[in-house]
Amino acid sequence: MNTENILVVITARGGSKGIPGKNIKPLCGKPLLLYSIDAARSIAPDNRIFLSTDSEEIAQVAKGYGLPVPFMRPAELSTDTASSDSVLKHALNFWTENYGTDVDAVVLLQPTSPFRTKQHLTEALALYDDEVDMVVSVTEAAANPYYDCYEESSDGYLKLSKGEIRPIRRQEAPKAWQTNGSIYIINPHSLRTKTLSTFTKLRKYEMDKVYSIDLDTMVDWKLAEILKTEKLIEHLL
């Protein structure tokens, strides 16, 4: 697709329970947020990148990196119960109200995915068209509902989550995918008329597990530090 008419939204709410202050916590000497700003700048100019945050501290880090922050996220969209839909709609509405033009796609980047690259974003954007609700990045699921995921039946016994017969080998089971939190390319019309959870036309963009690390706990953080300091993945060489 033509990337000249996209809107990139980086969501970075203040506060974090798993990793305190994680959005601006230095990862190998660089505030985590800046990795996503760099990724956004690889596909869009600064005037098409919105940081959505409720934190003045986070906003100042972005401004110090040269990224304008044209609005602060309202308090009602900064609670633990606020939905991603409402945050994205707020950013999209701000764009249309202040710039008066539509966008072809909204690209959501979360700071907790520091290993996405320009290549990942370019390849994911190439999969997008206005017939889909969203292109979403995924990685092969660690557990497979056709092979090693079970549910408890009413009689207290475990049963396979999907299918009635467990394949002899995992390779014989249908592949299962899980979102990795790295890239969401969203149809603006779908965003305005539906919720992310009700999207039905999803197209996957597969990423390797090593690029799919989502920083949620300090264990994730330590692993990310090792990968970066030891230069164990290709784009860090």
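The buried residues of helix α4 pack against α1, β5 (105–109), β6 (134–140), β9 (177–186) and β10 (202–206). Helices (H or I, at least four residues) and strands (E, at least two) are DSSP runs, numbered from the N terminus. The model is predicted: local features need pLDDT of at least 70, side-chain atom pairs count only at pLDDT 80 or more, and totals for chains, interfaces and linings use all residues. Residues are numbered from 1 along each chain as its sequence is written, and side-chain values use heavy atoms, with hydrogens and water left out.

Helix α4 spans residues 118–126, and its buried residues are H120, L121, A124 and L125. Seen down the axis of α4, these buried residues fall within an arc of 125 degrees, so they line one face of the helix; the arc is that of the directions from the helix axis to the C-beta atoms. The face turned away from the buried side of α4 carries the exposed residues K118, Q119 and A126. Here buried means under 20% relative accessible area, exposed means over 50%, and partly exposed lies in between (1.4 Å probe, protein chains only).

Residue K118 leads on to helix α1. R41 and K118 are 77 residues apart in sequence, yet 9.0 Å apart in space, C-alpha to C-alpha. R41 lies in helix α1, residues 32–41, and it counts as partly exposed because its relative accessibility is 28%. Not counting residues up to four places away in sequence, R41 touches D46, I49, Y65, G66 and L67, where contact means heavy atoms within 4.5 Å. With D46, the side chain of R41 makes a side-chain polar contact of 2.9 Å. A polar contact is a pair of N or O atoms within 3.5 Å; within protein, one must be able to donate a hydrogen and the other to accept it, and residues adjacent in sequence count only if both atoms are side-chain atoms.

The loop between β5 and α4 holds T112. This residue is buried because its relative accessible area is 10%. Leaving aside neighbours within four places in sequence, T112 is in contact with K22, L32, I213, D214 and L215, and a polar contact of 2.9 Å joins the side chains of T112 and D214. T112 and G181 are 69 residues apart in sequence and 7.9 Å apart in space, C-alpha to C-alpha.

S190 has its place in helix α5, residues 188–193, and counts as buried because its relative accessibility is 4%. The side chains of S190 and D133 are joined by a polar contact of 2.7 Å.

Most residues other than glycine have a negative phi. C28, although not a glycine, has a positive phi of about 55 degrees; C28 lies in the loop between β2 (26–27) and β3 (30–31).

The largest pocket holds about 650 Å³ of space. On a 1 Å grid over the protein atoms alone, a pocket is an open set of points where a 1.4 Å probe fits, with protein on both sides within 12 Å along at least five of seven lines; lining residues have an atom within 4 Å of a point. The volume is the space filled by probe spheres set on the points. The largest pocket is lined by 28 residues, of which T11, R13, K22, R73 and Q110 lie nearest its centre. The elements that give two or more residues to this lining are α3 (84–99) and β9.
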